[in-house]
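Subject: Structure handover

Hello,

Here is the structure for you to look over. My notes on it follow below.

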Amino acid sequence: MSSQASEKSLEERIELFMRRNFPQIQMHGGSAGIEAIDEETGEVWISLTGACSGCGISPMTIQALKSRMVMEFEEIDAVHASTGGYYDDEPGAGFEPDVSDAPF
């Protein structure tokens, strides 16, 4: 690791990583921001807003962010992402159809 990289905070390095690896987020009218970082547990919370909310491709963007960030940063063990108030690993975050009256 270069001395310049080690001088930057984890937050600065993550922001640079997102700008460098995911320019399409801004190009399509969305934005990505860091909500929180817990350096003790290695967890990062990312929020995708703007055009990302409700975008059909945002689940793929989230998966790419998660896998790349964990590979890129040895300090990060888990990435949580939100596109509309819920984080991807919370109840209510995804499409959960009501099948209580289904005939099967």
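A salt bridge, as used here, is a side-chain nitrogen of Lys or Arg within 4 Å of a carboxyl oxygen of Asp or Glu. The structure holds two of them. Before the details, a word on the source. This is a predicted model, where local features need pLDDT of at least 70, side-chain atom pairs count only at pLDDT 80 or more, and totals for chains, interfaces and linings use all residues. Residues are numbered from 1 along each chain as its sequence is written, and side-chain values use heavy atoms, with hydrogens and water left out.

**Overall layout**

The protein has four helices and three strands. Helices (H or I, at least four residues) and strands (E, at least two) are DSSP runs, numbered from the N terminus. Along the sequence the pattern reads α-α-α-β-β-α-β.

Of the 104 residues, 26% count as buried. Buried means under 20% relative accessible area, exposed means over 50%, and partly exposed lies in between (1.4 Å probe, protein chains only). The protein exposes about 6900 Å². Carbon and sulfur atoms supply 51% of that area. Accessible areas come from the Shrake-Rupley method with a 1.4 Å probe; for residues, only the protein chains shown count as cover.

Contact means heavy atoms within 4.5 Å. Take the contacts between residues at least 6 apart in sequence: 45% of them join residues at least 24 apart.

The three strands form an open sheet in the order 1-2-3, with mixed pairing. Two strands pair if DSSP finds at least two bridges between them. Strand 1 (30–38) and strand 3 are at the edges. Each has a single partner strand, so one side of each is left without a neighbour in the sheet. From one strand to the next, the twist averages 20 degrees. Axes are lines fitted to C-alpha atoms, for helices over the stretch in contact, and angles run from 0 to 180 degrees between N-to-C directions.

Strand 1 pairs with strand 2 (residues 43–50) in the antiparallel sense, over eight bridges. G33 has S47 of strand 2 as its bridge partner. A32 stands opposite L48 in strand 2. The hairpin of strand 1 and strand 2 has four residues between the strands, and G42 takes a positive phi near 75 degrees there.

Strand 2 and strand 3 run parallel and are joined by five bridges. On this side, S47 stands opposite S82 in strand 3.

Leaving aside neighbours within four places in sequence, S47 is in contact with S31, A32, G33, E35 and S82.

Helix 4 lies across strand 2 and strand 3. Helix 4 runs at about 150 degrees to strand 2.

**The salt bridges**

Side chains of opposite charge can pair when their charged atoms come close.

R13 forms a salt bridge with E75, with the closest N and O atoms 2.5 Å apart. R13 lies in helix 2 (residues 10–21), and E75 in the loop between helix 4 (58–72) and strand 3 (78–82), so the pair ties together parts that are 62 residues apart in sequence. R13 counts as buried, at 14% relative accessibility. E75 counts as partly exposed, at 30%.

The other salt bridge joins the side chains of E72 and R20, at 3.3 Å from N to O. This pair also links distant parts of the chain: E72 is in helix 4 and R20 in helix 2, 52 residues apart. E72 is partly exposed at 44% relative accessibility. R20 is partly exposed at 49%.

**Cysteines**

C52 counts as buried, at 10% relative accessibility. C55 counts as partly exposed, at 32%.

Best wishes
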